[in-house]
Amino acid sequence: GINAEYMGGEEYHRYVVKKLRSIELLDTVSVKEWRNQLLPRLPDPSPPCTESPELIGGMLTAFFKCVDGRNWDALIDAYDKDAFFSFVLESSNTIYSVKGTKNYHDRLIQYSHNVRKRPRTNAFKGRASIIEFMRKTVYNNLTLQHIPANFKIDSITLGDMLIATIHGSYTYKLDDDKKEYTKCFDRVMLLKPNLAGTEWPARIANDTLTLRSPQDQPLLLPSAPTMPHVAAQAPEVKQRLMMTTGLNERFATLLLVETKGDYDLALNLFAQNKQQGAIPAEAFQM
């Protein structure tokens, strides 16, 4: 092939961008336009399709293999040039004790898309921006594993496209946290089947990803017999929590029960639920 050592200027830049299609900066210069120009042309879509378990199975196996292996250069070809991506993170009352893990989940909340609260422009359009978001935000610094064989999948034909609905889960660990976590997800993909013989069985025209914690418990007051005595033994902590948060005594007690009387953790849990709109109005003092 070509020896990159003898290239210069723009020829060298275009060579590097073509090899590393997810690169953003080269010699401190943005290569976004070059990257868009050099992305390989997608094949023409196949004739109107029928529901195909083989196509969907092959597509998802290849897709999540790339995600788990962090092979973003290959994954970029799975998306249509003008693909649209939307990300939703459901409310959770999970408390993360490691700072890096908490920061990661807090960052996800900022990108959770809801058309009633955020304009469509806050989602992502174009395969390059979609891959960058997944690489930098959703799966950033994670060691993760999906198991496609355990997915629950449904599909329906829509003209010359397929709508695939996938429910599954994956395990993940962050670089600075020894604990392994699990996320459940729902993913709805609008697929345009490619001609036979291409690297990807289909291209993704629309991708909506919803993440949630497994077995999350809603913020509800437990029945009196199940309450430990820890909250009752620390009335000054409960009073302080009520003054800080505005919660009534019943819900302040709930927070202390869930956090085993730890004021800082209770305040953290309150802040997370309040930010996500998960605290009912009756929880506050009248």
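This report walks through a predicted model of a protein, from its overall make-up down to single residues.

**The big picture**

Let's start with the parts list. The protein has nine helices and nine strands. It has 286 residues, and 43% of them count as buried. Now take the contacts between residues with a separation of 6 or more: residues 24 or more positions apart account for 66% of those.

**Strand β9 and its two partners**

Strand β9 pairs with strand β3 (residues 79-89) in the parallel sense, and seven bridges link the two. To find one of these spots in the 3D view, look for valine 88, whose bridge partner in β9 is threonine 210. Strand β9 also pairs with strand β8 (residues 181-193), but here the strands run antiparallel and 10 bridges join them. For this pairing, look for valine 188, which stands opposite threonine 208 in β9.

While you're in strand β8, have a look at leucine 190, which has its place there. Leaving aside neighbours within four places in sequence, leucine 190 is in contact with Met161, Leu162, Ile163, Arg203, Ile204, Ala205 and Asn206. Leucine 190 and isoleucine 156 are 34 residues apart along the chain, and their C-alpha atoms are separated by 9.9 Å.

**Helix α9 and its neighbours**

Next up is helix α9, made of residues 263-275. Two other helices cross it, and the table sets out how.

| Helix pair | Axes come within | Crossing angle |
|---|---|---|
| α7 (residues 235-245) and α9 (residues 263-275) | 11 Å | roughly 30° |
| α8 (residues 249-258) and α9 | 8 Å | roughly 115° |

How do α7 and α9 lie relative to each other, roughly parallel or roughly antiparallel? They are roughly parallel, because angles under 35 degrees count that way. The crossing of α7 and α9 is right-handed. On the α7 side, the residues that meet α9 are Val237, Arg240, Leu241, Thr244 and Thr245, while α9 brings Tyr263, Ala266, Leu267 and Phe270. Sorted by class, the residues of this contact are six nonpolar, two polar and one charged.

Helix α8 also passes α9 in a right-handed crossing. Here Leu255, Leu256 and Glu258 of α8 make the contact with Ala266, Leu269 and Phe270 of α9. By class, the contact of α8 with α9 has five nonpolar residues, one charged and no polar ones.

Another residue of helix α9 is leucine 265. Leucine 265 counts as partly exposed, at 31% relative accessibility. Apart from neighbours within four places in sequence, leucine 265 is in contact with Ile95 and Thr259. Leucine 265 and tyrosine 96 are 169 residues apart in sequence, but 9.3 Å apart in space, C-alpha to C-alpha.

**A buried threonine and a covered helix**

Not counting residues up to four places away in sequence, threonine 101 touches Tyr96, Leu174, Asp176, Asp177 and Tyr181. With a relative accessible area of 0%, threonine 101 is buried.

Helix α6 (residues 127-138) is mostly covered too, with nine of its 12 residues buried. Among them are Ile130, Ile131, Phe133 and Met134, and also Arg127 and Glu132.

**Two residues with a positive phi**

Most residues other than glycine have a negative phi. Arginine 70 has a positive phi of about 55°, although it is not a glycine. Arginine 70 is found in the loop between α3 (53-68) and α4 (72-75), and it counts as partly exposed at 32% relative accessibility.

Which other residue has a positive phi? Asparagine 141 does, with a phi near 60°. Asparagine 141 lies in the loop between α6 and β5 (142-146). Its relative accessible area is 38%, so asparagine 141 is partly exposed.

Methods. Residues numbered from 1 in each chain as written. Predicted model: local features only at pLDDT ≥ 70, side-chain atom pairs only at ≥ 80, totals over all residues. Heavy atoms only, no water. Buried < 20%, exposed > 50% of the residue type's maximum accessible area, 1.4 Å probe, protein only. Contact = heavy atoms within 4.5 Å. Axes fitted to C-alpha atoms, helices over the stretch in contact; angles between N-to-C directions. Helix = DSSP H or I, 4+ residues; strand = E, 2+ residues; numbered from the N terminus. Parallel < 35°, antiparallel > 145°, perpendicular 65-115°, else oblique. Left-handed = near helix turned anticlockwise from the far one by under 90°. Nonpolar A, V, L, I, M, F, W, Y, C, P; charged D, E, K, R; others polar. Pairing = 2+ DSSP bridges.
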